[in-house]
Amino acid sequence: MVAKLTKGFWPKVARIILRNRILILLGIAGATVFFAMQWKNIRFSNTEANILPDDHPATIQYNAFTKIFGEEGNAIVFAVRDSALFTPENFNRWNRLGKQLEAFPEVDFIVGLENLKVLVKDDETQAFTMKPFLKSPPKTTEEIDSLKNHLFNNLPFYDNLVYNPKSGTIQTIAYLDKDIMNTAVRNEFILNDLGDLIKSFEEETQLDVRVSGMPYIRTWNTKSITDEIGVFIVAALLVTSVIFFFFFRSFRATFISMCIVIIGVMWAFGILGLLQYEITILTALIPPLIIVIGIPNCIFLINKYQQEVNKHGNQALSLQRVISKIGNATLMTNITTASGFATFIILDSDLLREFGIVASINIVGIFILSLLIIPIIYSFMPLPKTKHLKHLNKKWMDFFVNWMERMVRDHRVAVYITTVVVLVLSVVGIYQIKITGSRIEDLPKNTHFYKDIQFFEEEFDGIMPMEIVVDTERKNGVTKPATLKRMDQLGTLIDEIPELSRPISIVDLVKYSKQAFYNGIPKYYQLPTSQENTFIMDAARKSSTDGNLLESFVDSTGQTARLTTYMQDVKIDRMEEIEQDVQAAIDKFFPSDRYHVYMTGKALLFLKGTKYLVKNLLLSLALAIGLISLFMAYLFRSFRMVIISLVPNLLPLLVTAGVMGYLGIPIKPSTILVFSIAFGISVDDTIHFLAKYRQELATHRWHIKRSVYAALRETGVSMFYTSIVLFFGFSVFIISSFGGTKALGGLVSATLLFAMLSNLILLPSLLLSLERSIANKQVLKKPQIDILPKDEDNLKDK
């Protein structure tokens, strides 16, 4: 029943398209204008996408933390490692830079030399007061040396906060207003105001200022993504148009195809705006992806049109057959490709869900554009000239097709042996793959902000915050000596972990208070004894000091405290080890019946998010394989055909995974995407080949061998063309400065190349080797859907 409906459906579609050409073109123009009007809603992402779902325990804990202490990671750090800083002119200019920063409304407060406070005891009131570190701008080098010596030797509270005594590096920390952290205001401030300020300072002093911090990295990362979108689109258009012209040697065919994919790109941006999705590192890939995936549609349709013209020279019949013969097959292949992307929709990650939705919609959209525009435009044009059809009879193409046929006919044993050897080698490589969760691994390596990240990791042990929240479950429980001691023990253990910075907490403030109580003598920078605690805390309560520091460490009730450390960029396995070590220390020092203590922060969220994403992307790949298997079973109604169709498409995935193992390319969110995308695209060749094979079976009265060779000859050229376009099209992503995008481009390209060879050599070989089984069952006689209708000319010849 479905087959009969399908058989009559496409000729009817062909008639509708060719009889309503002007109306359809006006409809496409109207839709394009509508989507172009949605561009005003396009926004670049200012927020950091949380990979974990909202109900994940790690997300719940992080939200609880931010509710108490506000947005984490709102600090931008500035540092200079140069002895020339300690001259009166440069030193005072550096302090003026801090004051300039503090004057911006986007900056909440500054911690640096220019406003550094020293905690001292007032003997008269028996209270602590905060006095400025700099009473007046120093005028001589001797004054600066004295200040430097006092800072490095007498103020351990600020160690690793504003200075590194080993290298002499000086640091200023600017805490941004938390209300602008996820807005465009942050980007404008960092890219414009801050950039101009730093540039001016460097020109005046000839000092190299290093800048980093999560807001700074996120802003420059977004700018890099934005800059690359245009480059990808131009590169994809250039590469695919050159290859297309090389194959077809027709300016008009190339021009028509480029117009189609450009309209597809306009629709892609329009759909992003219509759905009000932000442009992220993934959605930024969609426009060039549409170009790369859209060109094969054009190749199949134009190649079929030219074959029909070459066969009988009747334009109207050729256009009608392009739609009726290729339309269904192209629809099926685009649906399978879209399915590969659509599997991301089931994931809880907003980042991947939005990517899956927009990509799958646009893949179907570019198919519709190709199917409508190509026949209509060609209907207004004269028949292709003889020179435009020469590519159908290229000698080198005949040589390639003959080579494939010889391999399938005479060397099937060698094909199977090679397949088994490649499979074994791939499995060995797969066991060498590692999972990584490095946060900065995919960032552009040649950028100033990446080099600055490495600088701060070297100087201050990292920039990625990791928080430990201590809930004492009672008011003012944080300041109890027992709690402070436990926090100090935990901090000591954290400080011993090389990848973590010295933690900062209320413990440091209490130690500083004791030092101040004993007239600033450095050896008293330690927790007070039980006896000392009473009068030191009493002095602290009488004090009128700047509350910013205390508010950063403890909540308003004194019940909950935070302990902040920073983590270097480490691999996921090491991050897990660090998490286990810190958790073991928490369990040791804080009894669960008296304290509620948990770890959170961006560093931990990224670890959990990477593991969650890898697990869910593997499920997504399994779903894609399952969906396409059901799709093939529905089309051909044969378990054997499902197996036969899956083998040549799963093998390239295994080969790619093996190559990743041998080359040391780890499994991470960016590379795990490769498999779902490549599988959804590579199965298109299988559908085209099997559809033509089934058609040839009917034509050749179920003679398997003749049908296989005929299908190989007719589809081999188009499959070769499309695979080459896809290979070079995805290769444009290799020019990306982002490691993940670069890996995605290279791995998808390699996978699709393997898939082409697998579908053109292994698939026909399997069909021939299983000839008896297939012939006996006649599994392809009555498919659910006629992907390709019967060839009328051949039937008449019969």
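Start by selecting Ile-24, Ile-28, Thr-32 and Phe-35, the buried residues of helix H2 (buried is under 20% relative accessible area, exposed over 50%, with a 1.4 Å probe and protein chains only). They span an arc of only 80 degrees around the axis, so they sit on the same side of H2; the arc is taken from the directions of the C-beta atoms as seen from the helix axis. You're looking at a predicted model, where local features need pLDDT of at least 70, side-chain atom pairs count only at pLDDT 80 or more, and totals for chains, interfaces and linings use all residues. Residues are numbered from 1 along each chain as its sequence is written, and side-chain values use heavy atoms, leaving out hydrogens and water.

Next, pick Phe-65 and Phe-69, a tilted pair at 5.5 Å centre to centre with 40 degrees between the planes. They are four residues apart in helix H3 (residues 57–69), so about one helical turn separates them. Phe-65 is buried at 0% relative accessible area, and Phe-69 is buried too, at 6%.

Last stop: H24 (residues 704–731) and H25 (residues 739–769), packed at about 175 degrees with axes 9 Å apart. That makes H24 roughly antiparallel to H25 (the cut-off is over 145 degrees).

Technical notes: Helices (H or I, at least four residues) and strands (E, at least two) are DSSP runs, numbered from the N terminus. Axes are lines fitted to C-alpha atoms, for helices over the stretch in contact, and angles run from 0 to 180 degrees between N-to-C directions. Angles under 35 degrees count as roughly parallel, over 145 as roughly antiparallel, 65 to 115 as roughly perpendicular and the rest as oblique. Rings of Phe, Tyr and Trp (its six-membered ring) pair if their centres lie within 6.5 Å; planes under 30 degrees apart count as stacked, over 60 as edge-to-face and the rest as tilted.
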